[in-house]
Amino acid sequence: MSLAKPVMRGLLGKRLRFHLPIAFALSLVAAIGFKYGVTEPRKQAYADFYKQYDAVKEFTAMKEAGVFESVRPSGE
């Protein structure tokens, strides 16, 4: 009894027909997961931060702390 020869002709095409849709589906799931798991919460966090952010108040606090060289604190 001898072993059957492996079928090598068309092997790449058969493997691609099986693996390519799986790879495409997994990459699509990963992209959607990243969008809704990382980018959407990050955008929402930025939106929430800038709803309450007061740039003038922040500038005044930094000016009073002496962060800037070109603007003196109001006490001086």
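## Helix α1 and Y36

Helix α1 covers residues 11-52, and Y36 is found in it. The model is a predicted one. Is Y36 buried or exposed? Y36 has 56% relative accessibility. The cut-off for exposed is over 50%, so Y36 counts as exposed.

## The nonpolar patch

Y36 is also one of the residues in a surface patch.

Side chains of opposite charge can pair when their charged atoms come close. How many salt bridges does the model have? The count comes to two.

E40 forms a salt bridge with K43. Their closest N and O atoms are 3.3 Å apart. Both E40 and K43 lie in helix α1. They sit three residues apart, about one turn of the helix.

E40 also forms a salt bridge with K35. Here the closest N and O atoms are 2.8 Å apart. What about exposure? K35 has 34% relative accessibility, so K35 counts as partly exposed. E40 has 27% relative accessibility and counts as partly exposed.

## One network

E40 bridges to K35, and E40 bridges to K43.

Note on methods: Residues are numbered from 1 along each chain as its sequence is written. This is a predicted model: local features need pLDDT of at least 70, side-chain atom pairs count only at pLDDT 80 or more; totals for chains, interfaces and linings use all residues. Side-chain values use heavy atoms; hydrogens and water are left out. Patches are made of residues with over 30% relative accessible area and no salt bridge: like charges are joined within 9 Å, nonpolar side chains (Val, Leu, Ile, Met, Phe, Trp, Tyr) within 5 Å. Accessible areas come from the Shrake-Rupley method with a 1.4 Å probe; for residues, only the protein chains shown count as cover. A salt bridge is a side-chain nitrogen of Lys or Arg within 4 Å of a carboxyl oxygen of Asp or Glu. Helices (H or I, at least four residues) and strands (E, at least two) are DSSP runs, numbered from the N terminus. Buried means under 20% relative accessible area, exposed over 50%, partly exposed in between (1.4 Å probe, protein chains only).
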